[in-house]
Amino acid sequence: MEIPEKLNSHTYQMTILVFQKVKKIWQKQFRSFKNRLQILIFWYEFIQKGVTEVRDVGNVPDVYTQNMLLETENKNLKKDLKHYKQAADKAREELLKIQKERDFHRMHHKRTVQEKNKLINDLKGLKLHYASYEPTIRVLHEKHHTLLKQKMLTSLQRDRAVKQISRIQATSMYAVSGCGNSVPEIRAIPGREKEYAPEGPTQNDLHGTREQDKYKTKMKNKMDSKFPTAMQPNPNLYFCKENNRPAKFDYKLNNIFRLHSLPVSCIAIHPRKDILVSCGEDHIWKLVGLPKGNVLLTGCSHTDWLSNCCFHPSGNKLATASGDTTVKLWDLSKGNCILTFEGHGHAVWSCTWHTCGDFVASSSLDTTSKIWDVNSERCRCTLYGHTDSVNSIEFFPYSNTLLTGSADKSLSLWDARTGKCEQTLYGHMHSINDATFAPRGHIIASCDSCGVTKLWDFRKLLPIVSIDTGPSPGNEVNFDLSGRVLAQASGNGVIHLLDLKSGAIHRLMGHENEAHTVVFSHDGESLFSGGSDGTVRKWS
């Protein structure tokens, strides 16, 4: 079969084109081979010359290897992208939640601000309202104090009137009985030259029989004592007015009396003689002569530590309070216990005599105070009101008013005749250890377990000043007879002397340990303090 001419020419042309393309490809491959061969030549030349080493060069990557690496990296990036998308979604959810909480708290804050502003406005209104009542409260307070004074004056006038009526009735009865013209005869008592003469056995028996008969007669005729209604004026008022001597503060340690084997709890000065009595935690009290410090008498009837003691106004008897829950009365002329009062449920902290000498008051750990009748030998009244231990008790001089200081941080004033609390003073932040009246009676001093001493105006029943000598506790406070100096026995062994006129505080350093008690002599020239080492120290 013959091939057409046109077809042959076309096939020829196609063959030529194919050969040209194949030629180009072979030329290209040859060039590439030549270039590779040239590279290999240079490479081996470099190796021979030592320019490079075979171990420094790894495999030469080709396109396939590079594509595989890129695909692997792409897959890792896609995984990271997916993880980041999940984290972003979670963060978006957390953000929405936080925004909702923020909006809630913002609304709550706005509401709180509105309530606060409302409360501030209400508080301002209440302050204005309270300020409008302050003058009225002040006037009512003054009226209250005025009425209290009038009440006390009225009660005194009533007592005087009752006494005058009783005197008039007695006089009229005496006149009616026909004895109005008789005058009682007053005879002088001869001297007692034989008072201290030695007595024989018969005389001793006779004396004992007489004492027993007197005691039996007294027991048969026991009657309650009556509180005095017309008290004599306080002689300390005139003494303080006449005493113009400057107050003394330059005390120096003069002598040390070693009287007890355990701490000294109380010191009391005899009202008329140069004698003091000291009580200790060794269950005994000692009567000491001054200025030598010789022991005159010792009492040892208590079964537990002694906490306090007080002289009878006449000085012939002594009252002691003890941890054995009793109060004992002692006859100092014989040195024996003549009466024991029992009734407190816990330790008795303090005791005090009434000015008339017929009553003794005591305070106890059982939160009560008691008034004891010496003649009828019984408890006349129990004072309830404190909520904690009553640590101190004292009669106001020449009156029927009692002062108590308690661990419930309050001072109370009581009417001994009725047993009712007339007034309570608040201001201490800690337990009150001791409280006392100034000799003139116009100031009350108190000290607490944190060393704070407060002065109170007894007439206005208001605080005057507060003195902080802490942190050691103030164990006892006492005025000198002029009422211008206040002494405080401190737990760190320092005796603080406060000048009530200038406010200056003087310190006496001499105790090695804690100082429990302090008291002035009657002339103010000496000061006595007792400490936990069982000694009594004299300062002059």
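Strands are DSSP runs (E, at least two residues; helices are H or I, at least four), numbered from the N terminus. Two strands pair if DSSP finds at least two bridges between them. The model is predicted: local features need pLDDT of at least 70, side-chain atom pairs count only at pLDDT 80 or more, and totals for chains, interfaces and linings use all residues. Residues are numbered from 1 along each chain as its sequence is written, and side-chain values use heavy atoms, with hydrogens and water left out.

**View 1. Strand β4 and its two partners.**
Strand β3 (residues 275-280) runs antiparallel to β4, joined by five bridges. C279 has W285 as its bridge partner in β4. Four residues separate the strands of this hairpin, and H283 takes a positive phi near 75°. On β4 and strand β5 (residues 294-299), five bridges again make an antiparallel pair. Here V288 is bridged to V295 in β5. The β4 and β5 hairpin also has four residues between its strands, with G293 at a positive phi near 85°. Strand β4 (residues 285-289) is mostly covered, with five of its five residues buried. Buried means under 20% relative accessible area, exposed means over 50%, and partly exposed lies in between (1.4 Å probe, protein chains only). W285, L287 and G289 point one way, K286 and V288 the other. In a regular strand the side chains alternate between the two faces of the sheet.

**View 2. The open sheet β10 to β13.**
Four strands form an open antiparallel sheet in the order β10-β11-β12-β13. β10 (348-353) and β13 (378-383) stand at the edges with a single partner strand each, so one side of each has no neighbour in the sheet. The twist averages 25° from one strand to the next; axes are lines fitted to C-alpha atoms (for helices over the stretch in contact), and angles run from 0 to 180 degrees between N-to-C directions. Within the sheet, β11 (residues 359-364) and β12 (residues 369-373) are antiparallel and share five bridges. F359 stands opposite D373 in β12.

**View 3. N391 and its surroundings.**
N391 belongs to strand β14 (residues 390-395). This residue is buried, at a relative accessible area of 16%. Its side chain makes a polar contact of 2.8 Å with the side chain of S389. A polar contact is a pair of N or O atoms within 3.5 Å; within protein, one must be able to donate a hydrogen and the other to accept it, and residues adjacent in sequence count only if both atoms are side-chain atoms. A polar atom of the N391 side chain also lies 2.9 Å from the backbone oxygen of I432. Beyond four places in sequence, N391 touches residues including W349, S363, G405 and N433; contact means heavy atoms within 4.5 Å.

β20 pairs antiparallel with β19 (residues 443-448) over five bridges. A445 stands opposite L455. Three residues lie between the strands of that hairpin, and G451 in the turn has a positive phi of about 85°. With strand β21 (residues 462-468), β20 pairs antiparallel over six bridges. D457 stands opposite L462. This second hairpin has four residues between its strands, and L461 in the turn has a positive phi of about 55°.
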